[in-house]
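Dear colleague,

I am passing on a structure that I have been reading through, and I would be glad if you looked at it alongside my notes below.

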Amino acid sequence: TPINLKFESMSSDMETDDGGYGADDSRSDSMGMTSSVTTIDPSVVRSRILQSASLAKESAAEAALNDADEGDGADDMDTGDGVQQPTFKKLSARAAARGGKAEYRRVRCPAHRYTPLRENWEQILTPLVEYLKLQVRFNTKTRSVEIKTSPQTPDPSSLQKGADFVSAFMLGFEVQDAVALLRLDDLYLESFQVTDVKLLRGDHLSRAVGRIAGQDGKTRYAIENATRTRIVVADTRVHMLGSVANVRVARNAVCDLILGAPPGKVYNNMRNV
């Protein structure tokens, strides 16, 4: 696959929380969360965008189809044996890459995000170029954002951070919310489908999506404010942005709504947490 901006909007709402997936969290195990597929070997820097097994399978199929169509440094330290460890200079992103070649990511732009991307292009470009020192362009032929490291890129992880930032915007998050992925290292983006929680069809599926959003989006806003997360409901897909612990609470609330729990009961459960 393949700002100076004001960084207040998301960082103030999301305080860093320590936490992980609990061993007793059966819902996360049943969804089979996995990291998203990238065009570059993900073993170097892992993406912080998590997808359910069904979404990951769809993304891999789309990537294969599109490809077919296109035909740190260490301080001096004593080991205890009197041997002093050497100090090396911090490598740039290009020097740390295999063979010294530039790495890149390609993030496709869905049809419904093409106009928002064009309107917010300058806001997206500024943090990538000025803050992460990356080279960015929009390929109009493949309708994808292509990001590439440059000799001035200071950190090898900057490329993956930039790709996660652009991917979050493509999923429907605001630029002010997605840019928090560049500033905070403990934020993650998790995606799953409503049918991953319960197999629903027809009007039952529509009502489940309606319960998540609520009247005029009140239920979604209440979950966002209570858990300090950001939630995007796109058709039958649900995307959540926040720390691990906060996303877990928000995910449990959304799953309860999908299973048919009344909103009042969900609010009480979140208040108890």
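In these notes, buried means under 20% relative accessible area, exposed means over 50%, and partly exposed lies in between, with a 1.4 Å probe and protein chains only. Helices (H or I, at least four residues) and strands (E, at least two) are DSSP runs, numbered from the N terminus. Please keep in mind that this is a predicted model, in which local features need pLDDT of at least 70 and side-chain atom pairs count only at pLDDT 80 or more, while totals for chains, interfaces and linings use all residues. Residues are numbered from 1 along each chain as its sequence is written, and side-chain values use heavy atoms, with hydrogens and water left out.

Helix 12, which runs over residues 244–258, is mostly covered, since twelve of its 15 residues are buried, among them Val244, Asn246, Arg251 and Asp256. After helix 12 comes Gly260, with a positive phi near 110°.

In helix 10 (residues 203–213), the buried residues include Leu205, Ala208, Val209 and Ile212. They lie on the same side of helix 10 because they cover an arc of only 95° around the axis, the arc being that of the directions from the helix axis to the C-beta atoms. An α-helix has 3.6 residues a turn, so residues three or four places apart point the same way.

Arg105, which sits in strand 3 (residues 104–108), counts as buried because its relative accessibility is 5%.

Best wishes

Terms used. Expected span 1.5 Å × (residues − 1).
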